[in-house]
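Subject: A structure for you to look through

Hi there,

Here is the structure I promised to pass on to you. Please open it beside this email and keep both in view as you read.

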Amino acid sequence: MTAYQIDRALFHWPAVVRHAPKGWAKDFAQSIATQSRRRGWRPSPKQAEIMHRMVSDLFTGNPEQEGDIDVIE
């Protein structure tokens, strides 16, 4: 991820923390939120990849999660 992409992910990160499911994802999101406050902090490549997926899921929806919208045909 480029510095711009990381900055964009961190911009949306509070929403990721709020919407992350309980368990590992919630813990990871809160950990990144805490670490990102450190001056000069940048995520590892693995962290950046997971962050990118979590932000993408925030906007596109995660097919593994149940939605509260039922489509009526």
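Below is what was found in it, topic by topic.

**Before you start**

This is a predicted model, in which local features need pLDDT of at least 70 and side-chain atom pairs count only at pLDDT 80 or more, while totals for chains, interfaces and linings use all residues. Residues are numbered from 1 along each chain as its sequence is written, and side-chain values use heavy atoms, with hydrogens and water left out.

**The overall picture**

The chain has three helices and zero strands, and its elements run α-α-α from the N terminus on. Helices (H or I, at least four residues) and strands (E, at least two) are DSSP runs, numbered from the N terminus.

How much of the chain is buried? Of its 73 residues, 30% count as buried. Here, buried means under 20% relative accessible area, exposed means over 50%, and partly exposed is in between (1.4 Å probe, protein chains only). The accessible surface comes to about 5,900 Å², and 53% of that belongs to carbon and sulfur atoms. These areas come from the Shrake-Rupley method with a 1.4 Å probe; for residues, only the protein chains shown count as cover.

Next, contacts, meaning heavy atoms within 4.5 Å. Among contacts between residues at least 6 apart in sequence, 53% join residues at least 24 apart.

**The core**

In soluble globular proteins, nonpolar side chains tend to be buried together. A nonpolar core is a set of buried Ala, Val, Leu, Ile, Met, Phe, Trp, Tyr and Cys residues joined through side-chain atoms within 4.5 Å. The largest one here has 15 residues, and those with the most contacts inside it are Trp13, Val16, Phe28, Ala29, Ile32, Met51 and Met54. Which elements give two or more residues to this core? They are α1 (3–19), α2 (24–35) and α3 (45–60). Helix α2 gives the most, with five residues.

Apart from its neighbours within four places in sequence, Ile32 is in contact with Leu10, Trp13, Trp41, Gln47 and Met51.

Is Gln47 buried or exposed? Its relative accessible area is 19%, so Gln47 counts as buried. The side chain of Gln47 reaches the backbone nitrogen of Ser44 at 2.9 Å. Beyond its neighbours within four places, Gln47 is in contact with Phe28, Ile32, Gln35 and Trp41.

Further along helix α3 you can find Leu58, which is partly exposed at 28% relative accessible area. With neighbours within four places left aside, Leu58 is in contact with His12, Ala15, Val16 and His19.

**The aromatic rings**

A pair of aromatic rings is described by the distance of the centres and the angle of the planes. Rings of Phe, Tyr and Trp (its six-membered ring) pair if their centres lie within 6.5 Å; planes under 30 degrees apart count as stacked, over 60 as edge-to-face and the rest as tilted.

The structure holds two such pairs. The rings of Trp13 and Phe28 have centres 6.4 Å apart and planes at 75 degrees, so this pair is edge-to-face. Trp13 lies in helix α1 and Phe28 in helix α2, so the pair ties together parts that are 15 residues apart in sequence. Both Trp13 and Phe28 are buried.

Trp24 and Phe28 form a stacked pair, 5.1 Å centre to centre with 15 degrees between the planes. Both lie in helix α2, four residues apart, about one turn of the helix. Trp24 counts as exposed at 56% relative accessibility, whereas Phe28 is buried at 10%. Trp13, Trp24 and Phe28 form one aromatic cluster.

**The salt bridges**

Side chains of opposite charge can pair when their charged atoms come close. A salt bridge is a side-chain nitrogen of Lys or Arg within 4 Å of a carboxyl oxygen of Asp or Glu. How many does the structure hold? There are two.

In one of them, the side chains of Arg42 and Asp7 meet at 3.4 Å, N to O. Arg42 lies in the loop between α2 and α3 and Asp7 in helix α1, so the pair ties together parts that are 35 residues apart in sequence. Arg42 is partly exposed at 44%, and Asp7 is partly exposed at 41%.

The side chains of Arg53 and Glu49 also meet in a salt bridge, at 3.7 Å, N to O. These residues are four apart in helix α3, so about one helical turn separates them.

Happy exploring!

Notes:
Polar contact = N/O pair within 3.5 Å; in protein donor to acceptor, adjacent residues only side chain to side chain.
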